[in-house]
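Hi,

Here is the structure I promised to pass on.

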There are 2 protein chains.
Amino acid sequence: MATTYSVKFDVAQKVVEVPAGTMITVAAEKAGIEINQPCGGQGRCGQCAVQVTSGNVRRRSTMRLSAEDVEAGFAIACQTTVEGDLTVVVPPQEKIQQHLTTGQSAADVSVPSGYDYLKDQTVQRIQITLKEPTMEDQTSDWARLKTALLHETGLSDITIPLAVLQNLPAVLREGEWKLSPVLFIEKGIESGGVGEVIDLIPGLIENDVPLWGAAVDIGTTTVKVMLVDLISGEPKGQASEYNAQIARGEDVISRIIFAGKGEGDKTLRSLVLESINELLERACRRGRSCPDKIYKIIMAGNSTMMHLLLQIPPSSIRLAPYITVANYLPVLNALEAGLMTHPTGKVICLPGVASYVGSDISAGVLSSGMSETEKITLFLDVGTNGEMVLGSKEWLVTCACSAGPAFEGAGVLHGMRATTGAIDEVWINEETKEATWRVIGEGRPKGLCGSALISLLAELLMTGVINKSGRFDYTLDTKRVRKGSHGGEYVVSWADENEINEDIIITEVDIDNLMRAKAAIFAGFSVLGDSVGMPLESVEQVLIGGGFGQYINVEKAVQIGLLPDMPWERFQFLGNTSLKGAYLALLDLKCRQEISDIANRMTYIELSADNRFFDAFTSAMFLPHTDMTLFPSVKIGGINNGLLSKIKMV
Amino acid sequence: MATTYSVKFDVAQKVVEVPAGTMITVAAEKAGIEINQPCGGQGRCGQCAVQVTSGNVRRRSTMRLSAEDVEAGFAIACQTTVEGDLTVVVPPQEKIQQHLTTGQSAADVSVPSGYDYLKDQTVQRIQITLKEPTMEDQTSDWARLKTALLHETGLSDITIPLAVLQNLPAVLREGEWKLSPVLFIEKGIESGGVGEVIDLIPGLIENDVPLWGAAVDIGTTTVKVMLVDLISGEPKGQASEYNAQIARGEDVISRIIFAGKGEGDKTLRSLVLESINELLERACRRGRSCPDKIYKIIMAGNSTMMHLLLQIPPSSIRLAPYITVANYLPVLNALEAGLMTHPTGKVICLPGVASYVGSDISAGVLSSGMSETEKITLFLDVGTNGEMVLGSKEWLVTCACSAGPAFEGAGVLHGMRATTGAIDEVWINEETKEATWRVIGEGRPKGLCGSALISLLAELLMTGVINKSGRFDYTLDTKRVRKGSHGGEYVVSWADENEINEDIIITEVDIDNLMRAKAAIFAGFSVLGDSVGMPLESVEQVLIGGGFGQYINVEKAVQIGLLPDMPWERFQFLGNTSLKGAYLALLDLKCRQEISDIANRMTYIELSADNRFFDAFTSAMFLPHTDMTLFPSVKIGGINNGLLSKIKMV
């Protein structure tokens with residue numbers, strides 16, 4: 001009788017007994033845990049890596065694992081057998097899949113240590129008990145309350161908007177002269193500031209009752225909302241959804257054009273408001289709140305999104321010399337802004353830097369921490385555009401390159417957004433040139449999302465299906481490479497195995513678009529480095545933010561020359577840095593001021609006026625680059641280890 | 001042949017030749033000047049007084065003229081004959097008539113000497129020429145303008161509301177980077193203040209183009225508007241009309257009740273806004289402006305009017321302990337306030353003192369000058385309520401007595417407002433007890449307005465038709481005194497000589513109401529004096545403001561004990577002191593601050609809680625008073641001189 005061992009998975013409730021030599025994937029299945037094996041258990045993709053924290057295993061292959069990974073117990077589950085009683089940690093690739101499936105990523109934030117509601121928060125709910133008026137004390141309602149508030153807060157002045165004043169007599173009498181006013185103290189909480197009464201609640205409300213705020217990231221493609229209890233600082237609900245403006249143009253340029261026609265600006269404003277209001281509602285359902293209890297909203301987004309949100313004519317963004325109407329926007333109340341939150345609550349749009357470097361970037365820089373580090377840092381946010389910042393706490397330079405929406409799946413024949421049915425990663429067999437892939441939502445594929453395009457381009461290059469110029473090798477013995485109506489093409493998925501009933505292909509035209517996009521981004525890095533006289537090698541860390549950055553495969557992005565070739569540990573994925581920055585600004589006025597400082601400090605380099613950019617772009621129009629010395633680690637035909645740099649990051 | 005003389009009237013274009021001994025009224029008629037003779041040329045009313053500045057006359061009677069009046073050349077035109085070549089000034093009683101006829105009185109204001117637009121005015125129109133943006137200078141539109149504005153003005157910060165920001169790119173480009181922003185500088189014009197851009201006009205606008213503001217007085221009965229060029233400070237058009245709220249209650253109490261029912265508050269708000277907007281339109285037509293060019297509006301009015309204007313629930317004003325929701329009201333923009341003026345223009349409601357002492361009184365005190373004089377002054381504003389202030393630059397005490405609307409013609413059987421068809425002055429023949437009267441608009445009478453009621457009450461008393469208790473003497477040989485369904489009554493006008501085809505009468509019930517009203521007001525004076533330990537005799541001047549005060553006859557008001565008995569030269573009629581105060585506040589921030597100071601400084605005495613008031617009221621429930629030593633000049637059965645104290649004042 002064969003020896004059996006017990007295997008305990010951290011994510012399961014029970015321990016399973018399996019014969020010695022059982023593959024970990026098989027043991028996991030027995031425990032009811034499904035470990036994804038996108039490459040079909042070939043040991044090619046490394047996506048099934050697990051961490052064995054105790055017990056003996058035999059690794060048939062350590063492909064895609066670094067020496068440090070193996071040291072730390074990582075093993076490719078489809079290539080590793082049980083050779084003793086094991087404790088196995090299933091790393092968060094499950095989570096990745098979950099995120100991809102729902103098309104939503106919860107920004108992974110935690111309350112900043114040291115957050116002190118009373119000191120940091122500009123919205124304060126105070127408890128006030130007033131003396132009832134008498135014939136001997138005929139002080140008006142507002143003077144009575146104001147005197148008490150000034151005494152309680154030490155502020156130098158307090159104002160009240162008409163809409164709140166109109167409620168004052170009823171609230172005072174309903175609460176029998178006990179009430180909880182909500183103050184917005186813009187100029188700082190310290191003595192001497194000026195407050196505004198933004199709501200009045202009858203009775204005395206204790207601090208265990210949440211006080212609501214929201215952080216909003218308005219992306220060209222996706223809008224994300226985070227509901228926050230301003231007292232504890234804790235996020236209580238998140239929601240994200242496509243920006244309803246998408247139906248009127250996929251990128252900022254087409255939206256600007258749409259805004260300029262007839263009442264296009266009004267349409268776009270109401271569409272994005274619809275999205276935001278719907279998401280606030282959804283986040284509130286999750287957080288057991290309701291939108292009209294939200295008193296402060298911090299908005300981050302690119303400059304075009306901010307202009308469209310406020311119906312500020314955006315056309316100057318699109319036309320030389322490419323300027324915004326305003327980077328610093330007025331503080332609004334919710335009614336004016338069109339939000340369904342408390343009507344006299346405050347809506348604060350974070351400041352941006354330039355037409356193509358918006359408040360998503362200034363907020364991102366704050367939340368990335370790059371403005372406080374001494375390390376030379378490259379911060380990158382690839383969305384519909386590619387924005388990047390180089391610098392440290394001493395200096396910051398920024399630029400944006402119109403990478404175009406290729407990496408978001410637009411401008412590519414079978415491109416699509418990262419939603420259910422999108423292939424998000426592709427592997428090509430070196431020998432047979434056959435493709436395997438992973439699909440979001442696990443059904444049959446419909447198209448290729450951005451991360452699949454990077455992956456596919458890299459695999460095509462590394463397996464020799466295309467050359468450095470992106471041209472196909474028609475001499476290969478595979479039906480997948482062929483000439484079609486769009487020139488050369490490669491079949492990723494045959495019509496009979498997918499949802500759209502036609503071959504899902506990538507064409508030379510698509511490849512050309514992707515190469516332009518990656519060349520633009522890489523040329524951006526070059527110009528930034530050049531503008532401060534610093535070679536890219538001196539960058540000590542690369543911080544990648546933005547929705548797209550969450551799913552990017554560094555290895556493959558380096559292989560195609562999208563990211564600079566440097567030790568993988570220098571790369572860090574930060575998720576939605578814009579939303580995180582908005583969250584920090586929501587909690588702490590100092591963070592908001594710091595974002596203003598960042599926006600102010602950043603030197604913007606206009607690439608469209610910079611000849612260096614055109615030169616760098618031309619040089620980058622090869623895979624990975626004309627100058628292969630810039631990509632020493634990329635060995636076409638070989639596969640690198642270290643995939644876990646991705647898994648760890650999410 | 002009889003000697004002829006030439007008579008030159010200042011108001012006519014030609015000199016007339018008349019025989020010696022011609023009555024001045026006849027000469028006037030020949031010159032085309034109609035001099036009113038309400039008492040039919042009996043020399044009884046004195047309303048036809050003129051001033052003979054050169055030449056000889058013979059005065060058949062100087063009744064109603066003081067020795068000083070005669071010295072100054074005044075003569076009763078119906079009692080004076082031409083005895084030489086004359087130059088005659090027709091005093092402004094014509095104007096009185098004109099005012100009464102239209103029911104509108106133009107506030108008689110002139111630009112304060114020393115008004116300096118650049119130093120005093122909080123709305124400033126600046127000329128700015130900007131550099132066009134280039135690829136080398138990609139500053140945003142707003143940062144470009146703001147930098148220039150800060151440099152130009154020396155302000156410490158400048159903000160821009162969203163509605164104005166939305167227009168910025170179009171204005172900059174239309175004006176080819178030349179523009180005239182309109183700033184509102186609330187905190188003072190000096191360096192270091194904070195400005196707000198409230199409008200942007202393309203191109204450079206010179207200071208000979210007016211910059212518009214408006215002062216508004218919201219009375220319970222009448223709304224008055226004055227359009228002003230803020231650069232020259234000159235009033236450019238006035239208009240007044242009944243407050244459209246009248247249809248929902250004639251006094252503040254009934255309006256407060258109406259406001260509390262259903263959507264009554266909304267209705268009342270839109271009614272008064274309708275009145276104000278209509279008047280702004282009318283004033284603008286006169287001043288060749290249009291409402292949407294008005295950038296600043298100053299509002300004065302009683303506390304109820306202010307609450308109703310802003311839809312702040314007014315019910316606490318009416319219920320003990322009688323407090324307002326707020327005396328100091330927030331600065332609004334016009335859109336929020338519901339005005340048709342420039343939407344981002346500023347609407348400033350002046351501060352009041354208490355429920356029944358509103359900003360019409362604090363503005364009135366400023367414009368009366370009493371807060372800057374060393375003279376002990378009594379300021380009185382009799383409208384639907386009677387508000388009064390006693391004091392000087394050192395101290396101010398104020399109170400309001402619910403006199404009721406009797407003096408406005410309400411609560412009196414044949415009472416009516418001072419409009420066409422109202423009798424506004426009555427004379428009773430001492431012998432026959434027959435009545436003569438003057439009618440507004442010169443047609444047949446319809447009823448009795450407030451000044452007629454004072455006049456009538458005084459005449460009834462002085463001619464012995466009623467006694468000190470207001471009871472009729474039925475022993476008199478006249479059909480005019482009779483018993484009717486309301487008790488005793490006096491017929492002012494017979495059915496066949498008036499417009500309403502019934503006898504216009506005053507009843508004992510009416511007289512009782514009028515006595516209550518005058519007693520309340522006089523009791524107010526007593527309590528004010530008492531509260532500072534000062535007898536009424538020490539009052540050095542009595543300043544009378546308000547619409548009602550413009551037409552009051554001091555002599556008769558003293559005779560019935562409504563006004564204290566003191567030398568007539570101590571009385572001064574100031575017209576609409578509330579509108580004048582609003583006008584001054586419109587021009588000069590210092591005046592506005594002074595009104596705030598006044599509101600703050602005034603000690604309010606609540607009469608409904610003061611036993612002294614009830615005592616004083618009871619004592620004043622006689623004509624003129626229980627204590628006749630308070631009214632030494634009133635000799636019942638005799639007629640005083642000095643009518644011109646009225647004529648001069650208008």
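**Salt bridges**

Over all chains, the count comes to 48 salt bridges. Please keep in mind that this is a predicted model.

A few of these pairs may interest you. In chain A, the side chains of A:D157 and A:K146 form a salt bridge, at 3.3 Å from N to O. A:D157 sits in strand β10 and A:K146 in helix α5, 11 residues apart. A:D157 is partly exposed at 30% relative accessible area, and A:K146 is partly exposed at 25%.

A:R482 pairs with A:E489, their closest N and O atoms being 2.6 Å apart. Here A:R482 is partly exposed at 28%, whereas A:E489 is buried at 4% relative accessibility, because buried means under 20%.

In chain B, B:R471 bridges to B:D512 at 3.4 Å. This pair spans 41 residues, from the loop between α14 and β25 to helix α15. There is also a network of salt bridges that links A:D424, A:E425, A:R438, A:E459 and A:K556.

**The two copies**

**A helix pair in chain B**

Helices α13(B) and α19(B) pack at about 115 degrees, with axes 9 Å apart, in a right-handed crossing. Their contact has seven nonpolar, one polar and one charged residues.

Best wishes

Note on methods: Residues are numbered from 1 along each chain as its sequence is written. Chains are lettered from A and ligands numbered from 1 in the order in which they are written. This is a predicted model: local features need pLDDT of at least 70, side-chain atom pairs count only at pLDDT 80 or more; totals for chains, interfaces and linings use all residues. Side-chain values use heavy atoms; hydrogens and water are left out. Axes are lines fitted to C-alpha atoms, for helices over the stretch in contact, and angles run from 0 to 180 degrees between N-to-C directions. Helices (H or I, at least four residues) and strands (E, at least two) are DSSP runs, numbered from the N terminus. A crossing is left-handed if the near helix is turned anticlockwise from the far one by less than a right angle, and right-handed if clockwise. Ala, Val, Leu, Ile, Met, Phe, Trp, Tyr, Cys and Pro count as nonpolar, Asp, Glu, Lys and Arg as charged, and the others, Gly among them, as polar. A salt bridge is a side-chain nitrogen of Lys or Arg within 4 Å of a carboxyl oxygen of Asp or Glu. Buried means under 20% relative accessible area, exposed over 50%, partly exposed in between (1.4 Å probe, protein chains only).
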